[in-house]
Amino acid sequence: MKVDILLKELNLKAVRSGGAGGQHVNKTSSKVEVAFSIPNSAALSEDEKQRLLKKQDSRISKEGVIVMQSDETRSQHKNKSLVIERLLKWLEENLKEKKLRKKTKLSKAVIEKRLKEKKRQALKKLHRKNPEH
C-alpha cells in the first residue's frame, strides 16, 4: 500500500453535522466524509484489492467504495485528519495476512497424565459405592 498515492485518491466532502449545537451547527459544515474506491486505486496491488473486497464490512458498497465519516469535533480540519487516520488504520489492519495455525500433537507425557488422572477419578468414584452383598 502506497500511502502518498492513496491520500491523493481520497474524495473528501464536508457536510453539515447533525445533533445538538445551537445556531452554529446550522451554519457550518464540520462533518467530514471520505470515500475511497478500492477497485480504481493505484496505491493498492491487485492482491490487496481482492483481499479488501472480500471483507464483509458495512462501510464497503457494492461498487467497492469505502465510506467513513467523522463529526467528533467542531473543527472541520480535525475531523478531516481523524477520518483519514481512521481509514489508514482500517486499511492497514485489513491488509495484514493472518498466520496459519500449525496443528500440534500432544506429547506422550500429557496423554499419560490425562489417562492417569482419569483412572484415579474412576477409582475414587468406585470406592464410594456401597459394597454389594
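Leaving aside neighbours within four places in sequence, which residues is Ser29 in contact with? Select Ser29 and look around. Ser29 is in contact with Ala14, Val15, Arg16 and Gln76; contact means heavy atoms within 4.5 Å.

A word on the model before we go on. This is a predicted model, in which local features need pLDDT of at least 70 and side-chain atom pairs count only at pLDDT 80 or more, while totals for chains, interfaces and linings use all residues. Residues are numbered from 1 along each chain as its sequence is written, and side-chain values use heavy atoms, with hydrogens and water left out.

**Stop 1: Ser29**

Stay on Ser29. Its place is in the loop between helix 2 (23–27) and strand 2. Helices (H or I, at least four residues) and strands (E, at least two) are DSSP runs, numbered from the N terminus. Ser29 is partly exposed, with a relative accessible area of 27%. Here buried means under 20% relative accessible area, exposed means over 50%, and partly exposed is in between (1.4 Å probe, protein chains only). Ser29 and Leu82 are 53 residues apart in sequence, and their C-alpha atoms are 15 Å apart in space.

**Stop 2: the whole chain**

Zoom out. The protein chain has 5 helices and 3 strands. From the N terminus on, the elements run α-β-α-β-α-β-α-α. Along its principal axes, the C-alpha trace spans about 95 × 45 × 25 Å. The radius of gyration of the chain is 29 Å, whereas a compact globule of 133 residues would have one near 14 Å. That radius is taken over C-alpha atoms, and the globule rule is 2.2 Å times the number of residues to the power 0.38.

The accessible surface comes to about 11,000 Å², and 52% of it belongs to carbon and sulfur atoms. Accessible areas come from the Shrake-Rupley method with a 1.4 Å probe; for residues, only the protein chains shown count as cover. Of the 133 residues, 23% count as buried.

**Stop 3: Lys31**

Select Lys31 in strand 2. Is Lys31 buried or exposed? Lys31 is buried, with a relative accessible area of 17%. Leaving aside neighbours within four places in sequence, its contacts include Lys13, Ser17, Gln69 and Asn79. Asp71 is also in contact with Lys31. The C-alpha atoms of Lys31 and Asp71 are separated by 4.4 Å, though the two residues are 40 apart along the chain.

**Stop 4**

Select Lys13 and Glu33. They form a salt bridge, with the closest N and O atoms 3.8 Å apart. Lys13 is in strand 1 (residues 11–15) and Glu33 is in strand 2 (residues 31–37), so the pair, 20 residues apart, links distant parts of the chain. A salt bridge is a side-chain nitrogen of Lys or Arg within 4 Å of a carboxyl oxygen of Asp or Glu. Lys13 is partly exposed, with a relative accessible area of 47%. A search of the whole structure finds 7 salt bridges.

**Stop 4: helix 3**

Select residues 46–53, which make up helix 3. Which residues are buried in helix 3? They are Glu48, Lys49 and Leu52.

Now show Glu46 and Lys49. Their side chains meet in a salt bridge (3.4 Å, N to O). The two are 3 residues apart in helix 3, separated by about one helical turn. Glu46 is exposed, with a relative accessible area of 53%. Lys49 is buried, at 8%.

**Stop 5: helix 5**

Move to residues 108–128, which are helix 5. Select Glu117 and Arg120. They form a salt bridge, the closest N and O atoms being 2.8 Å apart. Both lie in helix 5, 3 residues apart, about one turn of the helix. Glu117 counts as partly exposed at 39% relative accessibility, and Arg120 is partly exposed at 43%.

End with Ile111, which also lies in helix 5. Ile111 is partly exposed, with a relative accessible area of 34%. Together, Leu106, Val110, Ile111 and Leu115 make a nonpolar surface patch of about 340 Å². Patches are made of residues with over 30% relative accessible area and no salt bridge; like charges are joined within 9 Å, and nonpolar side chains (Val, Leu, Ile, Met, Phe, Trp, Tyr) within 5 Å.
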